[in-house]
Each structure stands twice: as structure tokens, then as C-alpha cells.
Amino acid sequence: MSIDEKFYAIRKGLLEFLVLRIISADKVYAADILKQLSTTEFATQEGTLYPLLSKMRREGLLEYEWRESEAGPPRKYYKLTGKGRDQLRETSEYWDKINDTVKNLGRS
Amino acid sequence: MNKVITVNLNGNAYQLEENGYEALRAYLQSAAATLASNPDKDEIIADIEQAIADKFRVLLSAYKTVVTAREVEAAISEMGAVNDGTESEGAASTPPGAGSTGGAASDQPPSADESASTSTGQTRRLYRLHEGAMIAGVCNGISAYIGIDVTLVRIIFVLLAIASAGFWSLAYVVMMLIIPVADSAAEKAAAHGATATAQEFIRRARRGYYESTKGFSDRAARRAWKRKFKREMREWRRNFKWEVRSNMAQCQQNWHQYWSKHPAPGFEGWASASLLGLIEAILGILCAACILSLILTGAIFGLALPAGVHLWIGILLLVVFCHVLTWPIRAARHFILYRSPYSCGGGGLFSLFIIFLVFWFVFPHQTREFIDAIPSTVHHLVEQLREWWGKH
């Protein structure tokens with residue numbers, strides 16, 4: 001079992017956190033998110049991202065607005081809601097804690 | 001030779017080779033099946049169709065109007081299988097190898113992003129824009145705000161600065177202190193704001209119109225709605241034209257009224273007024289040169305500021321001095337042109353002075369720091385200019 005496969009579940013769980021982080025930095029549309037993820041271990045395809053975005057919107061973490069684009073039809077630009085920002089903060093803190101644990105456990 | 005099938009992807013027609021069409025239909029059907037229990041199914045399918053359409057659009061040009069079966073397959077594999085995020089199985093990011101091949105290719109050129117954010121739906125706000133700015137981005141921000149070319153704004157600013165004997169530069173400084181800088185992309189988008197043109201209005205109305213026709217199952221009702229919509233559009237256009245016409249008429253009337261009340265000065269009047277204007281402009285330039293020399297060398301024609309006097313006091317005194325010097329010329333010109341004594345001459349000066357004082361008291365530290373920093377900034381600019389000049 002390769003490392004890639006072993007960490008499959010972890011990557012899957014972290015994807016939402018990363019999407020929250022990307023959207024918190026700036027208003028983005030879906031292709032932006034994919035582009036930012038594409039160079040990382042979390043490279044994702046539309047088939048995964050769109051359902052995730054819609055789930056997050058249903059949960060009230062995101063909202064979007066339509067914006068005109070000169071190159072084509074209007075696009076959905078996503079941004080975080082207050083709830084989304086709260087969740088991002090909580091997740092970040094939790095993530096930091098996990099990181100510390102991973103770093104410090106087993107060291108003497 | 002292959003048969004071509006035209007498909008509608010989220011409102012746009014694309015021509016696909018028959019095999020490609022079959023593949024795409026299978027993909028969308030399986031996506032719909034996966035999302036069957038998802039409350040946002042329709043919306044996600046529309047998003048996916050749009051993403052596929054975006055990929056196709058990049059491929060097509062005037063000489064290539066058909067998407068081949070292979071290109072359809074490539075687009076589908078870039079999209080990846082649709083995973084419903086709510087399910088526990090099979091919902092995850094794909095391995096990096098598979099994803100990264102698609103990621104970069106599917107994205108639109110960055111210029112498209114920029115243009116997308118220039119015409120947003122939100123209200124416009126006045127910001128300073130640092131990108132492409134000459135000094136502090138005030139002109140840049142104003143040009144974005146009112147939607148005219150930045151060069152034109154700059155020329156107007158320079159002309160105003162000359163015509164107002166350097167006062168306008170003070171106004172620039174005030175704007176620089178008041179107007180916030182657009183830092184985030186959202187603020188930059190807000191600086192450009194929405195283009196509230198008739199075209200935009202019509203496009204939005206149309207979109208709303210097509211959205212609402214979807215809900216009609218009855219043909220008669222749809223036709224009635226269509227008629228109503230067209231009538232409304234016609235009415236709106238008529239109102240708009242009428243408004244423009246009445247505004248123009250009003251403008252013309254005002255103009256006539258003005259000239260009937262104020263007899264135009266004769267040729268001598270115009271000539272002498274123009275001459276006075278020229279003298280005033282020359283004095284203004286001289287004053288600006290004095291200020292520049294004071295900033296650059298700390299002295300005017302070898303005359304240094306007395307010790308202990310701040311640079312800002314020197315500039316302020318110089319500006320006031322210039323204004324006082326040109327006052328009689330302005331008064332004479334005003335009298336020739338309008339046959340009335342020049343009473344409100346100090347108004348602009350006074351208000352600017354008050355603004356300056358207010359700033360002085362509210363932000364004493366920043367203002368002084370800013371003015372004291374002018375020499376080094378200007379030196380820096382001059383150095384850069386010289387370097388640039390040397391290179392070209």
C-alpha cells in the first residue's frame with residue numbers, strides 16, 4: 001500500500017478545510033480553487049469539487065454571487081459566510097493541535 | 001468523416017462528434033444518477049455543464065468549430081467522476097497524478113479572471129489603486145470609479161494644478177490621506193464596480209426572463225408572459241429616450257438663459273481675459289517650480305529655509321504667497337468676463353486651508369511625517385526616472 005493510498009482518507013477529510021482556506025483568502029470561482037489545489041497533494045477534479053461546494057453552501061459555510069465575465073457566461077464567485085469563518089478558525093486551531101501532537105509525540 | 005451533433009451546455013450550443021456526444025451523455029447521466037438524492041442536483045449538473053463548456057470553448061476557434069470525440073473524452077477525464085460529497089464511500093480527492101494533468105489545462109487564462117472582476121454586481125466605491133499608479137493611485141482610483149481613461153484624469157489633474165496655482169496638488173494630498181487603498185481583490189473589484197449601462201440592464205432582465213419562462217408549462221401562459229416582457233422593455237426604452245431628450249432640452253434652456261442674462265464680453269474683453277489667463281498660468285507654473293525646487297534642494301533659487309522651519313511650513317507659505325500674487329489677475333479676469341466683482345476668490349483657498357488645518361490637528365504625526373518624507377520620495381522617483389531615461 002503506497003503512502004498515497006494510505007493517506008487517501010486523510011486527504012479526503014482535509015479537502016473541505018483547504019477549500020475554506022482558499023476561499024477565505026479571496027473571492028474565487030471554482031476553476032481558481034482547482035488551480036490552487038492542482039499543484040498540491042490535494043489535486044482535485046470538478047466532479048469532486050462541485051458537489052463539495054454545494055454541500056458546504058447547504059451547510060451555510062459559503063455563499064456565492066454571480067459575476068459577469070467578458071470571456072464567457074457569468075461565473076459563480078464564492079465567499080465565506082460568518083459561519084464558514086468560524087468553522088475555519090476552529091478547524092485551524094484543531095489542525096495546529098494535531099500538528100503539535102504529531103511533532104512532539106515519541107520524541108525524548 | 002464523422003456525424004456531428006449539436007448539444008446545449010448550460011445555454012450555449014456546441015457541436016460534438018457523434019462518439020463524443022455519446023460519451024458526454026453517458027457521463028452526465030451517471031453524474032445525475034450519482035446525485036439523485038442530492039437536493040442541489042440540478043445546480044451541480046448546471047455547474048458541471050458550464051465547466052465542460054468552458055473547456056470546449058478554449059478548444060474552438062473560427063477555423064475549428066467541432067469538438068472531436070477525443071477532446072470530449074479528455075475533458076471528461078479532466079472532470080473526473082462525480083462524487084457526492086455526502087456519501088462516505090468514493091468521495092475524495094483523486095490521486096495527484098490524475099488531477100494535476102487536468103487542473104492546469106482546464107483553467108482559463110488569467111486575463112479572463114481580471115476582466116471578470118472588472119464588471120461585478122456590487123456597488124462601486126472610491127479606492128486608491130496602486131497597480132499602474134504614478135504617485136499614490138488617486139487618479140487611477142478616480143478613473144476606475146467614473147469609468148474614464150486614467151490618462152485623461154491625470155491631464156485634468158495637471159491642468160487643474162496649473163490653473164489653481166498649485167492648489168490642486170494640495171487637494172491631491174488631501175485625497176491621498178482620505179481615500180483608502182484597495183488591497184484585497186474584492187476591494188479592487190469594488191473600485192471598478194458595476195457597469196450600470198443600459199446593455200447590462202437589458203442582459204439582466206433577459207436572464208431573468210428566460211429563467212422565469214422555464215417555470216411555464218402552458219404555452220399560452222408563456223406567450224402572454226413573453227408579450228408582457230417585450231412591452232415592458234419597449235416602455236423602458238421609451239422612457240429612457242424621453243428622459244435623455246428632456247435633460248438635453250433643459251440643458252439648452254439653461255444655457256440660453258445664462259447668455260441672455262450675462263451679455264458676452266466683446267473681442268477686447270476676450271483677448272485681455274485670455275492674456276491675463278496666460279499670465280496666471282505662467283505664474284502658476286513658476287510657483288509649482290518653486291515648490292518642486294524647495295522639495296528637491298531645500299531652497300528656492302539658492303534661498304534656503306531658515307533653520308527650524310519645517311518643510312511643510314515653507315510649502316504652505318509658498319502656496320499662500322502664490323495665491324495672493326495671482327489674486328488681482330484673477331479678479332480682473334473675472335470682472336472682464338462676468339462684469340461682477342470677484343468676491344468668492346478666497347473661498348477655495350480658505351476651504352482647502354481649513355481642510356489642511358483639520359488634518360494637521362487630527363493626524364499631526366502622519367501629516368508631518370508624510371510631508372517630511374516628500375523629499376526622499378521625490379528623490380527616489382527622480383532617480384528612477386533618470387535610470388529609465390538612461391536605459392532608453
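**Confidence, a sheet and some helix pairs**

This is a predicted model, and in chain B the pLDDT averages 72, with 71% of the residues scoring at least 70. Two stretches need a flag. Across residues 86–122 of chain B, pLDDT stays under 50. The model has 80 contacts beyond four places in sequence for those residues. Residues 194–199 of chain B are also below 50 in pLDDT. That stretch has 9 contacts in the model beyond near neighbours in sequence. For the complex, the predictor gives an ipTM of 0.76 and a pTM of 0.38.

Now the sheet in chain B. Strands of a sheet pair through backbone hydrogen bonds, either parallel or antiparallel. So in what order do the 3 strands lie in the open sheet of chain B? The order is E1-E2-E3, and the pairing is mixed. Strand E1, residues 4–9, and strand E3, residues 66–67, sit at the edges of the sheet in chain B. Each has a single partner strand, so one side of each is left without a neighbour in the sheet.

Take the pairings one at a time. E1(B) and E2(B) are antiparallel, with 6 bridges. The hairpin they form has 2 residues between the strands. Look at B:Asn10 there: its phi is positive, near 50°. Next, strand E2 of chain B, residues 12–17, runs parallel to E3(B), and 2 bridges join them.

Now find B:Leu16. On E1(B), B:Ile5 stands opposite B:Leu16 in E2(B). B:Leu16 also stands opposite B:Val67 in E3(B).

What lies across E1, E2 and E3 of chain B? Helix H1 of chain B, residues 18–34, does. H1 runs at about 115° to E2(B).

On to helix pairs. Two packed helices are described by the angle between their axes and the distance between the axes.

Start with helix H6, residues 138–146, and helix H7, residues 150–163, both in chain B. Their axes come within 8 Å and cross at roughly 125°. That angle makes H6(B) oblique to H7(B). The crossing is right-handed. From H6(B), the contact uses B:Cys139, B:Asn140, B:Ile142 and B:Ser143. From H7(B), it uses B:Val150, B:Val153, B:Arg154 and B:Phe157. By type, that contact has 5 nonpolar residues, 2 polar and 1 charged.

Stay on H7(B). Its next contact is with helix H8 of chain B, residues 167–178. How far apart are the axes of H7(B) and H8? They are 6 Å apart, and the helices pack at an angle of about 125°. So H7(B) is oblique to H8(B) as well. Here B:Phe157, B:Leu160 and B:Ala161 of H7(B) meet B:Trp168, B:Ser169 and B:Tyr172 of H8(B). Notice B:Phe157: it takes part in the contact with H6(B) and in the one with H8(B).

Last stop, chain A. Helix H3, residues 30–38, packs with helix H4, residues 46–58, at about 125°. The axes are 11 Å apart. H3(A) is therefore oblique to H4(A), and it passes H4(A) in a right-handed crossing. On H3(A), look for A:Ala30, A:Ile33 and A:Leu34. They meet A:Glu46, A:Leu49, A:Tyr50 and A:Leu53 on H4(A). Those residues divide into 6 nonpolar, no polar and 1 charged.

Methods:
Residues are numbered from 1 along each chain as its sequence is written. Chains are lettered from A and ligands numbered from 1 in the order in which they are written. This is a predicted model: local features need pLDDT of at least 70, side-chain atom pairs count only at pLDDT 80 or more; totals for chains, interfaces and linings use all residues. Two strands pair if DSSP finds at least two bridges between them. Helices (H or I, at least four residues) and strands (E, at least two) are DSSP runs, numbered from the N terminus. Two residues are in contact if their C-beta atoms, placed from the backbone, lie within 7 Å. Axes are lines fitted to C-alpha atoms, for helices over the stretch in contact, and angles run from 0 to 180 degrees between N-to-C directions. Angles under 35 degrees count as roughly parallel, over 145 as roughly antiparallel, 65 to 115 as roughly perpendicular and the rest as oblique. A crossing is left-handed if the near helix is turned anticlockwise from the far one by less than a right angle, and right-handed if clockwise. Ala, Val, Leu, Ile, Met, Phe, Trp, Tyr, Cys and Pro count as nonpolar, Asp, Glu, Lys and Arg as charged, and the others, Gly among them, as polar. pLDDT is the predictor's confidence in each residue, from 0 to 100.
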